[in-house]
Every structure is written in C-alpha cells, then in structure tokens.
Amino acid sequence: MENALFYFVVSLGVTILLYFLYRKWQNSINERWVPESTINTINYGDNPGCLTTFNFIGATFSGRFRHLVIDGEETYVTYWCISIIVPLFPLVAYRVSDEGFRQYRIYGSEVGNVEERLCVLLYSLVILAFIATAFAFIIFIFDIFG
C-alpha cells in the first residue's frame, strides 16, 4: 500500500510541477511577443487540411500564443499537430479565434517559432503525466480496497 501511495503522490507532484512550468513558459512567450513583429506575416486564407481524430489518432490544434484582436475578435496562434493521444508534431502555426467547443474561425497560417513548438510538446508531457497520475490513483484505490 505504501508503494502505491508513493507512486501516486510522486506522479501527482510531477504533473503539477510540469503544468506550472508549462503555464509559466507560455505566459513568458506571450509577454515577450511584439505584435508588430509578425502581424504582417499572416497568410490569409490558408487552412489546415484536416482537423479530426479517430481513437485519439489524427490532427488537432494545440497551444495558445500571441493573443491579438482582429476586427473585434480575440485571436491567438495555435499549432496544427499530428497527434497520437497527445500532440506529437506541432507543424504549422495558424491564427484562429474560438467559435465554440472545438470549432475555430481560421484567419490563416502564420510564422511559427521553435520555442512555441517546444512549449506545445511540454503540454503533451503534462497530459501524459496526468494519465500516469490517473493510473497511479486507480492502482492506489485497488490496493486499498482490493
């Protein structure tokens, strides 16, 4: 029982630590961004080819960087990623605004950068750590009652 509790506490701590590191890094990236530096680089009309997943495999958007108001709409840059459970390959940056749950208005592609892509990959580690924590919790519960 002590081992199950130990693994749960450690995985929970790692998950929380990774999440706060991700949020701090994301905020740092957004604070350092100068809108005039990339606003002219938006390729209006560019759209991703596919934004669907099946059994957690497919393509999805991940990340929220460089917030900007365009025509009264709150927009941000997100990355089109190939994903297998978590976003693995952040490929193209798109400027989008939210239209609802998992629905976006896509303004076009934009120049991305390596730091934002690495931050998206850190977010993927947060998701994996959360999944590991959930499994550790289930094992801990079964260890208590099983």
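Which residues gather in a patch of negative charge on the surface? In this predicted model, the patch is formed by Asp-71, Glu-73, Glu-74 and Glu-99. Of these residues, Asp-71 is found in the loop that runs between strand S3 (57–70) and strand S4 (73–84), and its relative accessibility of 71% places Asp-71 in the exposed class, for which the cut-off is over 50%.

Charged side chains also meet in salt bridges, for which the count comes to five. One of them joins Arg-32 to Glu-115, with the closest N and O atoms 2.7 Å apart. Because Arg-32 belongs to helix H1 (residues 2–32) and Glu-115 to helix H3 (residues 114–145), this pair ties together parts that are 83 residues apart in sequence. Arg-32 is partly exposed, at a relative accessible area of 47%, and Glu-115 likewise counts as partly exposed, at 27%.

A salt bridge is also formed by Asp-98 and Arg-64, whose closest N and O atoms are 2.4 Å apart; here the link is between distant parts of the chain, with Asp-98 in strand S5 (residues 86–100) and Arg-64 in strand S3, 34 residues apart. Asp-98 is partly exposed at 37% relative accessibility, as is Arg-64 at 36%.

Strand S3 also holds Arg-66, which is paired with Glu-110 of strand S6 (residues 103–110), so that parts lying 44 residues apart in sequence are tied together. The side chains of Arg-66 and Glu-110 meet in a salt bridge at 2.9 Å, N to O, and both residues are buried.

Key:
Residues numbered from 1 in each chain as written. Predicted model: local features only at pLDDT ≥ 70, side-chain atom pairs only at ≥ 80, totals over all residues. Heavy atoms only, no water. Patch = residues over 30% accessible without salt bridge, like charges linked within 9 Å, V, L, I, M, F, W, Y side chains within 5 Å. Areas by Shrake-Rupley, 256 points an atom, 1.4 Å probe, with all protein chains shown as cover. Salt bridge = Lys/Arg side-chain N within 4 Å of Asp/Glu carboxyl O. Lys, Arg positive; Asp, Glu negative; His and termini not counted. Charge placed at Lys NZ, Arg CZ, Asp CG, Glu CD. Helix = DSSP H or I, 4+ residues; strand = E, 2+ residues; numbered from the N terminus. Buried < 20%, exposed > 50% of the residue type's maximum accessible area, 1.4 Å probe, protein only.
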